[in-house]
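Me: Please take a close look at one part of this model: the contact between the two chains. Keep it brisk.

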Amino acid sequence: MPRELIFVQVGQCGNQIGMRFWDLALKEHAKAKQSLLYDESLSSFFRNVNSKNQELKIGEPIQNLKARALIVDMEEGVINQILKSPLGELFEEKQCIQDVSGAGNNWAHGFYHYGNQYEKHIEERLRKTVEQCDSLQCFFMTHSIGGGTGSGLGSRILGLLEDNYPEVFRFTASVFPSGDDDVVTSPYNSLFSLYELAKHADCVFPIDNSALINIVDQIDKPNKARLVKENAHEGSVGIKITQFGEEEKRQKPFDKMNSLIAHLLSHITCSMRFEGALNVDLNEITMNLVPYPDLHFLISSMAPLYSLLDSKLQPRRLDQMFNDIYHPDFQMITGQPSLHKYLAVGLLVRGDVAFSDVNRNIKKLKDQLRMIYWNQEGFKYGICNQPPIGQQYSMLCLANNTCIKDTFQEMTDRFQKLYKRKVYVHHYKQYMEQSHFDETLNAIQNLMVKYQELELAQPKKYQRIQPIF
Amino acid sequence: MSIGFIQLGQCGNQIGHSLFDFMLQETQMSSPGAQALLNEIFFFERKNKLIAKSLLIDMEPKVVDRCLKADYYDKTFSLTKQEGSGNNWAYGFNNHGPANKNAILQIMDTLLEECGYLECLFLISSLAGGTGSGLGSYILELMSDRYPEIEFFNICVMPHLTGEVILQSLNTILTIGSIYQHSEGIILLQNDEAQALCNNLLNLKSPSLNDINQVMSTNLASFFWPCLTNQVYSTFHNNLQYVQELLNITNNQYKLLQLNQIPQLPQQSKAFQNDTWSALEKRIQQMVMTGTKEYNINWHKKGQQPFKQLMLARGIDVKKHQFNWNTVQDEHQFNKNEKSITVLHNSSNIIESLNQISDRSNQMIQERAYIYQYEKFGVKISDFQESMGIVEGIINDYEQLIQ
């Protein structure tokens, strides 16, 4: 009787991330359990079916693993690629919802046109996937919010998930556009999506490409990278570059970045699947890190940042890892949390790390972090025994920090630049009212105000409650 | 005498497991008489196996599954679900409680049937999480109502004050507010203290959660271990009678108890222990009176006498020493210690930690942070205020006694 997750991959970006994720998941489970039996931890992500497509129970040998996923794209290219690749066996045709012509980088096209067209179909497919689960924990959506399908149709699906399954958690790993994004309409698309994420998601892990590129750069170029320099010795640098040089040619450019996101997803769910001294479930993440329901955007950072290919580097000292995690170089979204207020911090540690080590490091670093006054001990931590692939231990930090409002501000500014002159608005008016633009702007402004209030909050002296006699 | 346990949530189950492991280990080093007594108090026979008188309850399966691998636990007396409580007291109390009420009563009835009778039951849980604290509070209320002939006690673990779970202060306040009226007595253990003991006395620079659990469970075991007095094994009933006295101060109930045990030594150092009984006695008395730990005893302060205390001294030549405090003496060398003393006391040391926790929850409640999570499951601001009021009352009562 496991606790299952259903993945919803929407759009080109969402599906590419998904592929790296499934690749990683299979490797992880293969490493963790040597037996060939279908066990509880596998069943979080996969079903087991025999050649006649009948469900097999836990404890039986693995025959055909099928991913618990919904694959959505309004363009053919990516889905066809997926089904043709070696990982294609994980998916059945009926899990894929596809169309031919795409959403033209238009949020409204994705949300309204395809949304209306495919609503029933998606709900039906969802229902079938949910029925195959014993006790569904959450939906995990991967998408980008700058385009048309991932952002528009993705937002629509998020709403459907809330309507149909309100008590199941909705987590999203959303790729936010960077400043130099090449899609002209991305400011509109992303703000509309942001509004939907604020309304319907339980927890959002924003990611942006420039932060990911920064991280990949650090891993790739040992001479420049701060971290790698300290550990690499003469021989290994040479080996590393060669290894990497060859791999680099074979790997597609976004693969490494998507791998990082795959690792993020793996870390978040590891405590559900593997044993640990201090387990942290997904519902504990939302419960502890989201003090007010609207403010559910968590900044994620991971340490150590090894190349996923090269594990010959010396293992970093544990304490260094704790220090690194708060450095902006390790974040998956650009921002300066140390200059703003932390509302809550979650630390998920993997590997053979002692409870007291975590505690000791938290005590040390507490004073360097600006925590909001009513949550000075705002740390939630968990320890999972199973280390990630290729590393002895690792750490994921999920921080609820007011610096996210800066990201929102930039997005709003880019939106305003276009909207002031009503550029491209007619594309959207084909599907929706213009008032939606203003409504969205308003809502995001309100959200930013809430973050700003918390940022400026000063400690107040409250009267203690009188004893009851 | 018959004592049972209910292991609640991750912490409760880990500690209970550790406790039983230790007690069985300790019986290897005792006389057959002690073994028989121990088996009678804490275990019962089922299908030719010795089974612990314990219920294992958790809303997620992993920890209980691990416990069930031990010989002395039986799946019949366990209850697990899949989803956990998300560190939310309200979810544990209002959701898991009623949903699992019948299942819980059923395994309790089965336990009572098979083991004969229970005089008292100790609920073990942490204060910071959702299952142990929330569901635990529900179960205490349910059972103390249903089984009035059994005395219910709580063993509660306080989390690190620097933070382990963000909602810990809120969960702690709600738990204490709820259990104080139904519980006979609450033994409070602290993660901070146990970890400091590991660091400073047991030579463990990076104690794991397992190490910390072991420290707590050996301390608990030192209290539960039956004492041999006057060449005849006294029933544990005598110790329990002392516990009742500990709780009654000035004709009112003061229910918070703390446990201290010395010496804390790594195994390899035990052979070299050469404290005298007076030295040990002075140390632990000063520890209890000043609320300091064995590695940093404050000898300069005079300290505050505990309101009530029970001292258990075990080891070589214990009968030859005259103790100042009311002491139960036993020649058994507990945990391979030549001499050891355990003190269970009712004193005001704990008030400082309670004050801190109360402050923090007060701030969160006033800022309405996280409150929506609790309101979703039926715990409103007024409930928080009521629990805060009860905790303030407890703090006030203890502070009055100091004067």
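Reply:
**The chain contact**

Chain A has an average pLDDT of 84, and 90% of its residues reach at least 70; pLDDT is the predictor's confidence in each residue, from 0 to 100. In residues 223-250 of chain A the pLDDT is below 50, and this stretch has 41 contacts beyond near neighbours in sequence. A contact means heavy atoms within 4.5 Å. Residues 307-315 of chain A also stay under 50. There the model has 22 contacts beyond four places in sequence. Where pLDDT is low, predicted coordinates should not be read in detail.

Some ground rules. Residues are numbered from 1 along each chain as its sequence is written, while chains are lettered from A and ligands numbered from 1 in the order in which they are written. The model is predicted, so local features need pLDDT of at least 70, side-chain atom pairs count only at pLDDT 80 or more, and totals for chains, interfaces and linings use all residues; side-chain values use heavy atoms, with hydrogens and water left out.

Now the contact itself. Chain B puts in 52 residues and chain A 51 residues. Together they bury about 4500 Å², 50% of it on carbon and sulfur atoms. Buried area is the accessible area (1.4 Å probe) that two parts lose on being put together, summed over both.

Four salt bridges link chain B and chain A. The term needs a side-chain nitrogen of Lys or Arg within 4 Å of a carboxyl oxygen of Asp or Glu. One of them pairs A:Glu377 with B:Arg360, at 3.4 Å from N to O.

Which helices of chain B supply at least two residues each? They are α1 (9-28), α3 (62-67), α7 (191-200), α8 (209-224), α11 (351-366), α12 (371-375) and α13 (381-402). Helices (H or I, at least four residues) and strands (E, at least two) are DSSP runs, numbered from the N terminus. α13(B) gives the most to this side, with 10 residues. The chain B side divides into 15 nonpolar, 25 polar and 12 charged residues. Here Ala, Val, Leu, Ile, Met, Phe, Trp, Tyr, Cys and Pro count as nonpolar, Asp, Glu, Lys and Arg as charged, and the others, Gly among them, as polar.
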